[in-house]
Amino acid sequence: LKPIDELAEAAEHVAETQDLGARIEIVSNDEVGRLAAEFNAMLAALETSRQEQQRLVRDAGHELRTPLTALRTNIELLGRTPGLSNDQRSELISAADAEVKDLSSLVGEVVDLASDRHTEGPTEDLLLDETVASCVERAIRRFDVEIRLDVEPSPVQGRPAAISRAVDNLLDNAVKWGADDGPIDVKVDGGRVTVRDHGPGIDAADRDRVFDRFYRSAAARSMPGSGLGLSIVKQVVEAHGGGVFAEPAEGGGAIVGFDLS
C-alpha cells in the first residue's frame with residue numbers, strides 16, 4: 001500500500017500548499033503507476049492554467065494603465081484648467097470618450113479570453129460559408145468598405161456564435177490594416193477561411209506573434225486596438241480542433257485566417 005499512501009500524501013500536500021509544481025515519482029507500470037502518471041498530468045495542466053491566468057491578469061493590468069492614465073489626465077485638465085474655450089473643452093471630452101470606449105472594448109475582450117465563453121457548449125452542424133457571408137454583410141454595413149467574397153459550400157461542426165466572433169475579428173483586423181489600400185478578399189473553401197487585405201503586410205519578425213495575447217507590433221502601437229482580437233480567433237479555432245495562420249500576400253498585404261478541416 002506504500003504507493004497508494006504516497007499518492008494520498010501528494011494530494012494532501014497540493015491541497016494544503018497549492019503547490020502545483022509537485023510531482024509523484026513513478027516507479028511501476030501497474031495501475032498505481034498509471035494513476036500516478038495521470039495525477040502528474042493533471043497537476044501539469046492545472047499549473048499551466050494558473051500560469052496563463054496570472055499572465056493574463058498581469059498583461060491586462062499593464063494594458064489598462066495606458067487608457068486609464070490618458071482618461072485621468074483629460075479629466076484633470078477639464079477640472080483644473082480655467083478659461084478653456086469651447087473647442088478645447090470639446091476636444092478633451094472627445095478624447096476622454098474615446099478612451100472610455102477603448103477601455104470598454106479591452107475589458108470585454110479580456111473577459112472573453114478569461115471566461116472561454118466562446119468555447120463552451122456543444123457543437124452543431126453549420127455551413128461555414130453562410131456564417132462567413134453573414135459576417136461579411138455586417139462588416140460592409142459597419143465599416144462601409146469593399147469586401148469581395150468567394151465561397152464554396154463548407155459544412156463543419158462548430159459553435160455558431162464562436163465561429164462568427166472569430167470571423168468578425170479577422171475582418172476587423174483586415175479593415176484596420178488595409179481598408180484604405182484596396183478591397184478586402186474573403187475566401188471560404190472547405191473548412192479554411194482566408195481574409196486578405198492590401199495593406200502594409202506583416203513583418204517577418206511579427207508573423208509568429210500576431211496571435212499572442214496583447215501583442216502589438218511597432219507599427220500597431222499608434223493604432224487603436226487592444227492586441228486581443230487575433231488571440232481570440234486563435235482561442236476559438238483551437239477549441240474547435242483547428243489552426244490559425246498569417247502569411248504575406250503576393251503583391252503586398254497580408255493573408256490571415258484559420259482552418260477547421
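Select Val256 to begin. Leaving out residues up to four places away in sequence, Val256 touches Leu170, Asn173, Val193, Thr194, Val195, Ile202, Phe211, Leu230, Phe245 and Ala246, where contact means heavy atoms within 4.5 Å. The model is a predicted one, in which local features need pLDDT of at least 70 and side-chain atom pairs count only at pLDDT 80 or more, while totals for chains, interfaces and linings use all residues. Residues are numbered from 1 along each chain as its sequence is written, and side-chain values use heavy atoms, with hydrogens and water left out.

**The nonpolar cores**

Next, select Val132, Ile147, Leu171, Val186, Val256 and Phe258. These residues touch the most other members of the largest nonpolar core, which has 35 residues. A nonpolar core is here a set of buried Ala, Val, Leu, Ile, Met, Phe, Trp, Tyr and Cys residues joined through side-chain atoms within 4.5 Å. Buried means under 20% relative accessible area, exposed means over 50%, and partly exposed lies in between, with a 1.4 Å probe and protein chains only. Two or more residues of this core come from each of α4 (128-143), α5, β4 (184-189), β5, α7 (229-239) and β7. Helices (H or I, at least four residues) and strands (E, at least two) are DSSP runs, numbered from the N terminus. Colour α5 separately, as this helix gives the most to the core, with 8 residues. A second, separate core of 9 residues can then be displayed; among its members are Ala10, Ala22, Ile24 and Phe39. In soluble globular proteins, nonpolar side chains tend to be buried together.

**Asn173 in helix α5**

Move to Asn173, which is placed in helix α5 (residues 160-178). Is Asn173 buried or exposed? Asn173 counts as buried, because its relative accessible area is 15%. Apart from neighbours within four places in sequence, Asn173 is in contact with Leu230 and Val256.

**The open sheet**

Show the strands in the order β2-β4-β5-β7-β6: they form an open sheet of 5 strands with mixed pairing. Strands β2 (147-151) and β6 (243-248) stand at the edges with a single partner strand each, so one side of each has no neighbour in the sheet. From one strand to the next, the twist averages 15°, with axes fitted as lines to C-alpha atoms (for helices over the stretch in contact) and angles running from 0 to 180 degrees between N-to-C directions.

Two strands are taken to pair if DSSP finds at least two bridges between them. To locate one of these bridges, select Val193, whose partner in β7 is Phe258.

**Strands β1 and β3**

Now display β1 (residues 124-127) with β3, which pair in the antiparallel sense over 4 bridges. Leu127 stands opposite Pro155 in β3. Strand β3 (residues 155-158) has Val156 and Gly158 on a covered face, and Pro155 and Gln157 on an uncovered one.

Asp125 is the next selection, in strand β1. Asp125 counts as exposed, because its relative accessibility is 62%. Its contacts, leaving aside neighbours within four places in sequence, are with Val156 and Gln157. A distance line from Asp125 to Arg148 gives 26 Å, C-alpha to C-alpha, for two residues 23 apart in sequence.

**Two positive phi angles**

Select Gln18, in the loop between α1 (2-17) and α2 (31-80). Gln18 has a positive phi of about 60° although it is not a glycine, and at 46% relative accessibility it counts as partly exposed. Then go to Asp144, in the loop between α4 and β2. Asp144, also not a glycine, has a positive phi of about 55°, and at 69% relative accessibility it counts as exposed.

**The whole chain**

Finally, zoom out. The protein chain has 7 helices and 7 strands, in the sequence pattern α-α-α-β-α-β-β-α-β-β-α-α-β-β. Along its principal axes, the C-alpha trace spans about 80 × 60 × 35 Å. The radius of gyration is 24 Å, whereas a compact globule of 261 residues would have one near 18 Å; the value is taken over C-alpha atoms, and the globule rule is 2.2 Å times the number of residues to the power 0.38. Of the 261 residues, 38% count as buried. Among contacts with a separation of 6 or more, 66% are between residues 24 or more positions apart.
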